[in-house]
Amino acid sequence: MSTTVVQTKIYDDQKPGTSGLRKAVKIFQQEHYTENFIQAILDALGDKLQGCTLVVGGDGRYYCKDAVTKIIKIAAANGVGKLIIGQNGILSTPAVSTIIRKYKTLGGIVLTASHNPGGPNADFGIKFNCENGGPAPDKVTNKIYDITKSLKIYKIASDINVDIEKIQSNNINVDGRTFVVDIIDPVEDYVILMKKIFDFDCIKNLLQGSAERPKFQILIDSLNGVTGPYVKRIFGTELGVDDANLIHSTPLEDFGGLHPDPNLTYAAELVKTVRNGTYDMGAAFDGDGDRNMIIGKKAFFVNPSDSLAVLARHLRIIPYFQETGIKGYARSMPTGTAIDRVAKSIGAQCLEVPTGWKYFGNLMDIELLSLCGEESFGTGSDHIREKDGIWACLAWLNIIAKLGKSIDGILKDHWMKYGRNFYTRHDYENCDASDANKVMAEVEREIQEESFTRTKFSVGDKHYIVKHADNYSFKDPVDGSIVTNQGLRIFFQDGSRIIFRLSGTGSSGATIRLYVESYENDSSTYDKDAQEMLQPLIKVALNLSKLQEHTGRNAPTVIT
Ligand code: VG1
Ligand code: CO
């Protein structure tokens, strides 16, 4: 095989967002577009590129296979030594992280637009993960972006054809060098890791039931995303759950038309079925398998921020943490602060980072944290450097099995001990970008007024006095890097918060996220609906930002 050098043209829109480069498939299909970005990733590896090993895989969505083929050819031409690729190009995001760490590769390329819909008229994405297994930090993604802006050529070995359906090792001669492509079982390494972390026997007993105790019934919805094969192997083969309880578990290029986002809106079928009371637990995962939603009997919703707090409290039940101890916790800034209360009560540290998993990695690498999460249905630990949907589901099951309580029972106990943080996120998706900027500018202008602190907002008989407000920025304690503009925050004297942020994962227009949180320790409120409890604060946020006026929207598109 020989390599050729292709003169390319520059695209100036390849700036990675919160989690890689995400765009419509049609954009990636433009001439040289995908090739350019792959070449830029490889160029950014600098001296380490020659002879290195990289992992490649994705969530199976439309265009994944085309992208894998291109990566093989471009990696070969650029002197990469070896690629480890999931069979059929399938690897969940947590599996990529697992494999990078296990085989100590230089990094990996993840092909996914996560929870965005898939298909020829939907979205695709490419993300680079570094040698710690985590998403590339800003300094790396900025470097990749800089390279794309002046890229003149890419190198490609166009004649290479590897059968990615067949598990085998391929040795290919490229310009006199050996280039290796290993096609591997996408599930194996991940399953081995999960079995090391959790008490599978205990979970199996729970799920199988016994003479004294009926089966704990679960229903798992993979939303036709990448987790299907992982779920079948772990919950089916290893834990003996009936196939009928594992739904939508074949990865499809268009997710069968589903929106693979595990929340009450998009996992509607799961919620509807679990609501009938037959199941003790329901779980859903997103397209690339890093997000999770957990619901209890009759579809009792576990808010992700509460889920994180409950896991934090009971973490020592899980064998892995008995071994490693609890090093600390972390959450993204907009994530509900229920976990902070747990941390305080056990004398552990709870750190705060900007939105996006890339900010947790450095903290894990210096052993500052064991468990972390985001309000956006992301939960994970230092077993890898990505959030991990199946891990979260197994963690819940391990805890349920040991405590012998129902999901709503565990939550209610939690609130009795710590009080309840009511939490919601309202998304205004696909707004006109300039309208969204007006909303942010409006809030920024308000909060920067000197008189803003101590301003009193009243809605009915509820009164909120501003304690302080800012535009969130973060300094990484490890490398000292600073990121600014990470969300506009308003804190009130009673501990409530309102946060405005613009999404960094959309593929068109702008999405405004409004995060609202309040705290109650009056147990008569604990069963109330979060939307009802937070209504006055939401009104404050809408008035202050003039959101409806600027965007013409009178309701959010998604509420979680
Ligand atoms: C969203 C979430 C964020 C998450 C990111 C990637 O980002 O809010 O918490 O880390 O998606 O998740 P944004 O910028 O749109 O708010 V995934 O599962 O889409 O890789
Ligand atoms: Co995801």
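By contact I mean heavy atoms within 4.5 Å. I keep that in mind throughout, and I remember that this is a predicted model.

**Entry 1: Phe235 and its surroundings**
I looked up what Phe235 touches, leaving out residues up to four places away in sequence. My list includes Ile218, Ile220, Tyr230, Val241 and Leu246, along with Ile390, Cys393, Leu394 and Leu397. Next I asked which residues touch the most other members of the largest nonpolar core. They are Phe235, Trp391 and Trp396, in a core of 71 residues. Helix α14 (residues 389-403) gives the largest share of this core, ten residues. Where does the core lie? Both domain 1 (4-186) and domain 2 (189-418) give residues to this core, so it lies between them. I also noted a second, separate core of 51 residues, with Cys52, Phe124, Ile172 and Val174 among them.

**Entry 2: the cobalt ion**
Which residues coordinate the cobalt ion (ligand 2)? I found Ser114 (OG), Asp286 (OD), Asp288 (OD) and Asp290 (OD), at 2.0 to 2.1 Å. Along the chain, these donors follow the spacing S-x171-D-x1-D-x1-D. Are Asp286 and Asp288 buried or exposed? Buried means under 20% relative accessible area, so Asp286 counts as buried at 0%, and Asp288 is buried too at 2%.

**Entry 3: a four-stranded sheet**
I traced an open sheet of four strands in the order β11-β10-β12-β13, with mixed pairing. β11 (246-247) and β13 (292-296) are at the edges with a single partner strand each, so one side of each has no neighbour in the sheet. Strand β12 (residues 281-285) runs antiparallel to β13, and five bridges join them. I followed one of these strands residue by residue: Met281 has Gly296 in β13 as its bridge partner.

Methods: Residues numbered from 1 in each chain as written. Chains lettered and ligands numbered in written order. Predicted model: local features only at pLDDT ≥ 70, side-chain atom pairs only at ≥ 80, totals over all residues. Heavy atoms only, no water. Donors = N, O, S within 2.8 Å, 3.2 Å for Na, K, Ca; no water. Buried < 20%, exposed > 50% of the residue type's maximum accessible area, 1.4 Å probe, protein only. Pairing = 2+ DSSP bridges. Helix = DSSP H or I, 4+ residues; strand = E, 2+ residues; numbered from the N terminus. Core = buried A, V, L, I, M, F, W, Y, C linked by side-chain atoms within 4.5 Å. Domains from an automatic or database assignment.
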